[in-house]
Amino acid sequence: MKMTFRWYGEKDPNSLEYIRQIPLMSGVVTAIYDVPAGQVWPQERIDALKATVNAMNLEMEVIESVPVHEDIKLGAPTRDKLIENYCTTIRHLGKAGVKVVCYNFMPVFDWMRSDLKQRMPDGSTCLAYDQKTVDMLDPAISDLSLPGWDESYTREQLRDLLKQYDSINEKKLMDNLIYFLSKVIPVCEESNVKMAIHPDDPPWSLFGLPRIISDENGVDEMLSRVNSPYNGLTLCSGSFGCHPKNDIPRLAAKYAKAGRIHFVHARNIKFTGENSFHESAHPTSCGSLDMYGILKALYENGFDGYIRPDHGRNIWCEDGRPGYGLFDRALGAMYLTGLWEGISKTI
Ligand SMILES: [Mn+2]
């Protein structure tokens, strides 16, 4: 297992120097953020980023994310050219020694929360999702700014895009994902880069849009229809886990045993009602997920990939990017590393 930490590049207030001071940190998970979805990441930009990271004695073996253009998800006629560009980016990343690419296939909206700074009794703040609040929103008519909202769209563009999804149901979206993977995975095999799809966050439909990587059925279909070890999963405990139907230790065991988990996002959440939750500190007893059980299942089933503490709270007066402050994620990394050592010495 290699412990990693997400880093948002030079503009991230958490410097590489801070990150490397977290004990046992092997590397950062990062991306080139200013190349629009669908365009090729130039080799020299990737090499320069890697050199910056390596200069601080950290590795850059996981990229999160190479975004998938909406036209690929929609199956639009332009998709072949866009997929070709994606494959070129994968080749470039492989040349730079990148081993895993995390991506997602969620239409229009990425992860979604209703509150970025929910204040907890101890004074910390965390991200929260309340279904009743989200139910009152209509992205086509209101001016909203929520996490996961792509603010580069104007309201008209957003309405247009949502309209295009009218004809895309879950089956069609899955077919479009399989089409994408059937072109990309052979390039991954040549380049020794593993694809690790991130589950839908939260794992249910939003605003009537289809979502397909929300449970075991969707993951099974995606893995079996493109049956290569290079076609794998980012096991995000907090994304899958905020629906109680997803038994994370069991899924961790099943997919680790199959060799299809390439990356783990470890995060705990606390259920607050039906389809509602807030994020919590990482330890098991702080939330609703059995973090020990998840790591134990990974260990016992031979998981040997990358892991990172996923979102943390904002604590100690830090006013960090929601979910991505330094302090609580560093505490999370230490908790997870400690759990892993304990597990590895007793099993
Ligand atoms: Mn995640």
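This is a predicted model: local features need pLDDT of at least 70, side-chain atom pairs count only at pLDDT 80 or more; totals for chains, interfaces and linings use all residues.
Residues are numbered from 1 along each chain as its sequence is written.

Let me begin with the backbone. Helices (H or I, at least four residues) and strands (E, at least two) are DSSP runs, numbered from the N terminus. The peptide bond from glutamate 64 to serine 65 is cis, with omega near -5°, and serine 65 sits in the loop between strand 3 (59–64) and helix 3 (70–74). Another cis peptide bond links aspartate 201 to proline 202, with omega about 0°, and proline 202 belongs to the loop between strand 7 (194–197) and helix 8 (216–225).

In that loop between strand 7 and helix 8 we also find phenylalanine 207, whose phi is near 50°, a positive value in a residue other than glycine. Asparagine 57, in the loop between helix 2 (43–54) and strand 3, has a positive phi of about 60° although it is not a glycine. Is asparagine 57 buried or exposed? We call a residue buried if 20 or more other C-beta atoms, placed from the backbone, lie within 10 Å of its own, exposed if 12 or fewer do, and partly exposed in between. Asparagine 57 has 11 other C-beta atoms within 10 Å, so it is exposed, whereas phenylalanine 207 has 16 and is therefore partly exposed.

Now to the sheet. In general, the strands of a sheet pair through backbone hydrogen bonds, either parallel or antiparallel. Here two strands pair if DSSP finds at least two bridges between them. Four strands form an open, antiparallel sheet in the order 5-6-11-10, with strand 5 (115–119) and strand 10 (268–273) at the edges, each pairing on one side only. Strand 6 (residues 125–129) pairs with strand 11 (residues 276–280) over two bridges, and alanine 128 has histidine 278 in strand 11 as its bridge partner.

Finally, the core. A nonpolar core is a set of buried Ala, Val, Leu, Ile, Met, Phe, Trp, Tyr and Cys residues joined through C-beta atoms within 7 Å. The largest one has 87 residues, of which Val28, Val101, Val184 and Ala252 touch the most other members. Helix 7 (residues 170–191) gives the most to this core, with eight residues.
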